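Biologist: Please take a close look at one part of this model, the aromatic rings. Take me through them in order.

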Amino acid sequence: MQLTLTRPDDWHVHLRDGDVLARALPHTAARFRRAVVMPNLRPPVATAEALRAYRARILAALPPGADFEPLMTLYLTDRTTPDEVAAAAAAGAFAAKLYPAGATTHSDAGVTDLRRLDPVLEALAEHGLALLVHGEVTDPDVDVFDREAVFVERELAPLVERHPRLRVVLEHVTTAEGVAFVREAPPRVAATVTAHHLLMNRNALFAGGLRPHHYCLPVLKRERHRRALLEAVAEGHPRFLLGTDSAPHPARAKESACGCAGIYTAHAALELYAEAFEEAGALDRLEAFAAFHGPDFHGLPRNTGTVTLVREPWTVPEAYGEGPERVVPLRAGATVRWRLAGGSGM
Ligand code: NCD
Ligand code: ZN
């Protein structure tokens, strides 16, 4: 069996920098025409100038002949000003990323008090930039599995109301509560959905022992939450967008007494989504999810050209790279049921 789709986009990816960028970017660019690049480098991409420089490094790292467009994001901090937003817009930024301080990997420079950010959010709306939200509270009293649901109720719903012109994306939605919020929200609110949250529940963290390569944030949830995500994408709801959250880390940082959060999926991103849609009996919905919902929501043109997937299992390498810096991908040493066969207009 074979599936040919309009070239898709990834609305949330971590490409990193330097050697990791050089390794990860070809995986992303082989599958996606555009990708929204997360700004959580060290130091973060928090100025228009840093954003321009990072885009230039990404373009320089592209394989020759690749037709790929990075959509750049500005990292919001407590010190971001409306002027910086205007400068980022002039530099061609696509969106701004809100990390509650301490919520996830490289988020220590994030925002501590959301309400103080209102003038900056107004500036985003004015310049037509979307707000991409890591939707978890950081309150240590809140159970880690409840942090998204509490954030949606406590922070996100009021924020969406306070800013009636702002386009808002709840990034990597993981809960039934997050899904319900998007379903009920106005059409300017969407969510991205990862392949790993569609394919795994929290049992995967403990299958036969502790599995650091299944640890990400927001953390995997119960089966009923996975079902809610699958239902939303399988019914073809237009405000659920493909966002891999592919997040490479060196094996030494994950296979550790205090392993960091992030799952690398760029090597098989579209193929893994095809598995999830197949499980849901919704392969006919994959193209719109991957290639139409995102540009339609963000007011961008849909892509031309195609990619083709073949239902032909292949074995994922144990790692990309060597030694302690190697990146261990999802399904390392195991099979993925769909294979990327190529495309046109790439
Ligand atoms: C991401 C990373 O490693 O940068 N990690 C993750 O678990 N998803 C950060 C993020 O998107 O939260
Ligand atoms: Zn992410």
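Modeller: Y75 and Y99 are both buried (under 20% relative accessible area; exposed is over 50%, partly exposed in between; 1.4 Å probe, protein chains only). The model is predicted: local features need pLDDT of at least 70, side-chain atom pairs count only at pLDDT 80 or more, and totals for chains, interfaces and linings use all residues. Side-chain values use heavy atoms, without hydrogens and water, residues are numbered from 1 along each chain as its sequence is written, and chains are lettered from A and ligands numbered from 1 in the order in which they are written.

Rings of Phe, Tyr and Trp (its six-membered ring) pair if their centres lie within 6.5 Å; planes under 30 degrees apart are stacked, over 60 edge-to-face, the rest tilted. That rule gives five aromatic pairs. Take W11 and F94: their planes meet at 40 degrees, with centres 5.8 Å apart, so this pair is tilted. It bridges distant parts of the chain, 83 residues apart: W11 sits in strand 2, F94 in the loop between helix 3 (82-90) and strand 5 (95-98). Helices (H or I, at least four residues) and strands (E, at least two) are DSSP runs, numbered from the N terminus. W11 is buried at 2% relative accessible area. F94 is buried at 10%.

Back to Y75 and Y99. They form a tilted pair, 5.3 Å centre to centre and 35 degrees between planes. Y75 lies in strand 4 (residues 69-75), Y99 in the loop between strand 5 and helix 4 (118-127), 24 residues apart.

Elsewhere, Y273, F277 and F289 make up one aromatic cluster.
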